[in-house]
Amino acid sequence: MDWYPLYNSIRIAGISTVLVFFLGIAAAHYIVRLPRIVKGILDVIVTLPLVLPPTVVGYMLLRFLGPKRIVGRFFLDHFGIKLTMTWWSAVFATAVVIFPLMYRTARGAFESFDETLAYAGQTLGLSDTFIFWRIRMSFCRQGILAGTVLAFARALGEYGATSMIAGYTPGRTATISTTVYQLWRTNNDALAFRWVMVNLAISAAVLLAVNMVERRSSLKAVRRK
């Protein structure tokens, strides 16, 4: 059994989760402070990939990153880099798909933050950077951690956008999801079932981790009361 799809899936999910962790937190931190109308418009824009079919997201990325499109052609002509049909091109697709999960979770955590704590830090002469990382993030860390784990789980099972922009090449772009589809398509049900079980085991472990984080957060909330 070739374990490359598992390795590649974890690699893609890990890199994309790190990207959306910082991008999602930054977007949530600044958007939550904007006026209501502007916040509503931006919220709709950044959340769209959550409700769009993954294949539509993949198609839009192909229109943007394809070798005959402006961005794709620029990188291909000037740097010799092809932005599609490689393992790391799947990172783009996965990051776009899971970004709304991280963003909305971080936004909810920031909206529940008691701003008087930040004001108190300012009166003590603390910098905005210190207040954000040591006070705001400390208060919101349980919600953000849960969002990070969910984003990773979603990235691990991504198929639609990934198959559109990275395709399926054994030993190069194959992931668990694309491998299961290809094995089913070629009537190799036994091996496809094995990969399904691997995916189920990983997903169950991730969901267990999320439940543990939420339970820990609930216990801390009870203790504060």
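Met85 lies in the loop between α4 (70–79) and α5; helices here are DSSP runs of H or I with at least four residues, numbered from the N terminus. This is a predicted model, where local features need pLDDT of at least 70, side-chain atom pairs count only at pLDDT 80 or more, and totals for chains, interfaces and linings use all residues. Residues are numbered from 1 along each chain as its sequence is written, and side-chain values use heavy atoms, leaving out hydrogens and water.

Most residues other than glycine have a negative phi. Asn187 sits in the loop between α9 (176–185) and α10 (189–224). In the table, exposed means over 50% relative accessible area, buried under 20%, and partly exposed in between (1.4 Å probe, protein chains only).

| Residue | Phi | Relative accessible area |
|---|---|---|
| Met85 | near 60° | 37%, partly exposed |
| Asn187 | about 65° | 68%, exposed |

Next comes α5 (89–111). This helix bends by about 40° at Ile98; the bend is the angle between axes fitted to the seven residues ending there and the seven starting there. Pro100 follows within four residues.

Phe110 is in contact (heavy atoms within 4.5 Å) with residues including Ile25, Phe132 and Ile144. Arg136 lies in helix α7 (residues 128–156). Is Arg136 buried or exposed? Arg136 is buried, with a relative accessible area of 5%. Arg136 also touches His29, Arg33 and Glu115, among others.

Key
Helix = DSSP H or I, 4+ residues; strand = E, 2+ residues; numbered from the N terminus. Lists of a residue's contacts leave out its neighbours within four places in sequence.
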